[in-house]
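The sequence and the structure come first.

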Amino acid sequence: RSKQVRAMLDIVAHVASRDPADGGPGGGGGASVAAAHQLGEALSASLHALLPCVVPPLLCEAKLLRGYLHMLSALLESHGSRVLALPAPLPAAIGGHLIAALAHHELAVGGAALDTVFQLARSAALCAAQAELPAAAAELLAGLLQRVGLALLGGSLHPELVDPPGGNALLALIAAAPHRWHEV
C-alpha cells in the first residue's frame, strides 16, 4: 500500500507543479480559464481521495512523508486557496500530518515540514487578504502556530531547523494569523 500511496503523491505533485493556472512553474499564457478550473477541480478531488490514505503508520516512512510534503507544497503553490477551502476534517488531517513530520527523526523531513508550513501560511495570508479564511483553515493555522512557536521557543527543534526554516515558518504563521499569536 505504501508504494501505491507514494505513486499517487508523486502524480498529484507532478500535475500540481505543471499547473498553468496561477503562473506556476509550467505556466504558459495559452491555458484557458476553463481548463485551469478543471485542473483545480481534479487536483481537489485527488486530494480528497488521497488524504484518507495517508495514515499514521505510513507517516513513519521518511520517503513517503517527504513525498507527501512535496505534494502538499506543490498544491499550495499552485492552488493554495483550494487547499485552504477543504472541508473538515481534511485540514485537521493535514495539520496532524505536518505535526508528525515536524517530530520526525530525519532532519530533511523536519526541514520539508517547516517549508510546507511556510507555504501553507503564505497561501493563507494571500487568501485572507481577499476573503475570510474558512473556519477549518483558521483552526489549522492556529494549531500550527502554537506547535511551531512552542517547538522554536522550547528548543525541541534541531538547531539546523531553527533558522531559517523554523523562523520563516513562524513569521509566516504570525503574518497569516496575527490575532492567534497573542494566544500563544
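What volume does the largest cavity have? The volume is about 40 Å³, where a cavity is a set of points on a 1 Å grid over the protein atoms alone at which a 1.4 Å probe fits but cannot get out. This is a predicted model, in which local features need pLDDT of at least 70 and side-chain atom pairs count only at pLDDT 80 or more, while totals for chains, interfaces and linings use all residues. Residues are numbered from 1 along each chain as its sequence is written, and side-chain values use heavy atoms, with hydrogens and water left out.

The structure holds one cavity of 30 Å³ or more. Its lining consists of Gly40, Leu43, Ser44, Leu47, Leu75, His79, Arg82 and Val83 (lining residues have an atom within 4 Å of a point). Helices α2 (33-50) and α4 (62-84) are the elements that give two or more residues to this lining.

Three salt bridges are found in the whole structure (a side-chain nitrogen of Lys or Arg within 4 Å of a carboxyl oxygen of Asp or Glu).

| Pair | N to O distance |
|---|---|
| arginine 6 and glutamate 61 | 3.6 Å |
| glutamate 41 and arginine 82 | 2.9 Å |
| arginine 66 and glutamate 106 | 2.3 Å |

Glutamate 41 in helix α2 and arginine 82 in helix α4 are 41 residues apart. Arginine 82 also lines the largest cavity. With a relative accessible area of 22%, arginine 82 is partly exposed (buried is under 20%, exposed over 50%, partly exposed in between, with a 1.4 Å probe and protein chains only). Glutamate 41 is partly exposed at 39%.

Terms used. 1 Å grid on protein atoms, 1.4 Å probe; cavity = no way out; pocket = protein on both sides within 12 Å on 5 of 7 lines; lining within 4 Å. Points joined across faces, edges and corners; volume = space filled by probe spheres on them. Helix = DSSP H or I, 4+ residues; strand = E, 2+ residues; numbered from the N terminus.
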